[in-house]
Amino acid sequence: MTAASAAPETILEVEGLKKWFPISRGLLRRVVGHVRAVDDVTFSIQRGETLSLVGESGCGKTTTSRCILRALTPTGGSIRFRGEDGNQVDVATVPKAGLRPLRRQMQMIFQDPFSSLNPRMTITDIIAEPLLVNGVTDLEERRRRVRELLDLVQLPAAYMNRFPHAFSGGQRQRIGIARALALNPALIVADEPVSALDVSVQAQVVNLLLDLQDRLGLSYLFVAHDLSVVKHVSDRVAVMYVGKIVELAPTAQLFARPRHPYTEALLSAVPVPDPRRRSGRIVPRGEVADPANPPSGCHFHPRCRYAVERCRVEAPALRAMPDGHLTRCHLAEELSLASVQEGHSPASP
């Protein structure tokens, strides 16, 4: 096998992605500004890889994921997806008529298993609906596929004719996963797939997702805010703040040595299972920046305890460190930030 053939295949390339929502006022609804929900986001996902997007509520994680699926039309940038035929398609600009074949290959697992399932449809109808929409008209063929999918997500086929209200939260999420797998997609966007579940059930669903990834060769874009879950499922982690990626690195590297003060603050909230260790929680001062009126320079500088004058006037670019770690911080080489392993001890420039 040659080096070229052994290289991992990139299934998704997002470059300079933007999604701005207009702010309208007055009787004539004039546009007076924009909410920059996603502002110049760039990353890639390899086939069979899990990339996690993390950050506070409102940072742009879900908007990014919906743009990738073209549930929202991006304002700018490109979303290049490599389809079954090996050719790349820019999802951001493809006409609406060309979206259906792409959506067969990209599916979503929703956050709330209670509201994402139609209460008036049986489990068979819910899971088989993507098949029917995409031209599988034979009833017996659809029922056979539903049985296969229920077995894949570890639910009995006897549940096929029941309605969603008869199931627990974890079972409903398994049904949602089965529906997402109905068309054999290559990329799954999982939007907070376990945040609405009991802690005891979260591990079961996460382990199911990992097992399905190994068996089916799936790629995941995993949107989450729980870093304990992210550490367990991810190959790489991208940290977002006010519409921008401020740090991107392999999971172990990011948890062991964060390069951005915002990442340090997020990691300090991860519980450490040691009663003898004092909590070193870092709480950034102030409020999250307004994406409709972000601060000058680094968007995080009003809340950053390391900020210097350069941070206030010059916007940092996302740049690579010598170890390949990407960060959007002017002081990345100078700071020694606390990791989870270190117990969040105070860092210093």
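Trainee: Why is Gly176 called buried?

Mentor: Gly176 has a relative accessibility of 6%, and buried means under 20%, so Gly176 counts as buried. Keep in mind that this is a predicted model.

Trainee: Where does Gly176 sit, and what lies across from it in space?

Mentor: Gly176 belongs to helix H6.

Trainee: How do you know that the length of H6 agrees with its number of residues?

Mentor: Helix H6 runs over residues 169–181, which makes 13 residues. The expected span is 1.5 Å times one less than the number of residues, so H6 should span 18 Å; its end C-alpha atoms are 19 Å apart, and that agrees.

Trainee: What makes you call H6 mostly covered?

Mentor: Of its 13 residues, 12 are buried. Among them are Gly169, Arg172, Ile175, Ile177 and Leu181. The elements that cover these buried residues include strand E6 (106–109), helix H4 (123–133), helix H5 (139–152), strand E7 (187–191) and helix H7 (199–216).

Trainee: Which residues of H4 are buried, and what do they pack against?

Mentor: In H4 the buried ones are Ile123, Thr124, Ile126, Ile127, Ala128, Pro130 and Leu131. They pack against H5 and H6. Just after H4 comes Gly135, with a positive phi of about 95°.

Trainee: Which residues have the most contacts inside the largest nonpolar core?

Mentor: They are Ile127, Ile175, Ile177, Leu181, Leu212, Leu227 and Val239, in a core of 67 residues. Ile127 is one of the buried residues of H4, while Ile175, Ile177 and Leu181 are buried in H6. Another core, of 31 residues, lies apart from this one; among its residues are Val41, Leu69, Val91 and Leu187. As background, nonpolar side chains tend to be buried together in soluble globular proteins.

Trainee: What is Val239 in contact with, beyond its neighbours within four places in sequence?

Mentor: Its contacts include Val54, Ile245, Val246, Leu254, Tyr262 and Leu266.

Trainee: How many aromatic pairs does a search of the whole structure find?

Mentor: The search finds 4. One of them is formed by Tyr241 and Tyr262, whose ring centres are 4.7 Å apart.

Trainee: Why is the pair of Tyr241 and Tyr262 called tilted?

Mentor: The planes are 55° apart. Under 30 degrees would count as stacked and over 60 as edge-to-face, so a value in between is tilted. Tyr241 lies in strand E9 (residues 236–241) and Tyr262 in helix H10 (residues 261–268), so the pair ties together parts that are 21 residues apart in sequence.

Trainee: How do you know whether Tyr241 and Tyr262 are buried or exposed?

Mentor: Set each value against the cut-off of under 20%. Tyr241 has 2% relative accessibility, so it counts as buried. Tyr262 has 1%, so it counts as buried.

Trainee: What makes the pair of Tyr241 and Phe300 edge-to-face?

Mentor: Here the angle between the planes is 85°, and over 60 degrees counts as edge-to-face. The centres are 5.2 Å apart. This pair links distant parts of the chain, 59 residues apart: Tyr241 is in strand E9 and Phe300 in the loop between H10 and helix H11 (309–313). Phe300 is buried, as is Tyr241. Tyr241, Tyr262 and Phe300 form one aromatic cluster.

Trainee: Why is Lys19 said to lie over the face of Phe21?

Mentor: Lys19 is 5.1 Å from the ring centre. The distance limit is within 6 Å, and the charge must also be within 35 degrees of the ring normal. Lys19 is placed over the face of Phe21.

Trainee: What makes His330 buried, and which polar partners does it have?

Mentor: Its relative accessible area is 10%, against a cut-off of under 20%, so His330 is buried. His330 lies in the segment after strand E12 (326–327). Its side chain makes a polar contact of 3.5 Å with the side chain of Arg310. A polar atom of the His330 side chain also lies 2.7 Å from the backbone oxygen of Glu314.

Trainee: Why is Asp40 called partly exposed?

Mentor: Its relative accessible area is 34%. That falls between the 20% and 50% limits, so Asp40 is partly exposed. Asp40 lies in strand E2 (residues 30–46), and its phi is near 65°, a positive value in a residue other than glycine.

Conventions: Residues are numbered from 1 along each chain as its sequence is written. This is a predicted model: local features need pLDDT of at least 70, side-chain atom pairs count only at pLDDT 80 or more; totals for chains, interfaces and linings use all residues. Side-chain values use heavy atoms; hydrogens and water are left out. Helices (H or I, at least four residues) and strands (E, at least two) are DSSP runs, numbered from the N terminus. Buried means under 20% relative accessible area, exposed over 50%, partly exposed in between (1.4 Å probe, protein chains only). Contact means heavy atoms within 4.5 Å. A polar contact is a pair of N or O atoms within 3.5 Å; within protein, one must be able to donate a hydrogen and the other to accept it, and residues adjacent in sequence count only if both atoms are side-chain atoms. Rings of Phe, Tyr and Trp (its six-membered ring) pair if their centres lie within 6.5 Å; planes under 30 degrees apart count as stacked, over 60 as edge-to-face and the rest as tilted. A nonpolar core is a set of buried Ala, Val, Leu, Ile, Met, Phe, Trp, Tyr and Cys residues joined through side-chain atoms within 4.5 Å.
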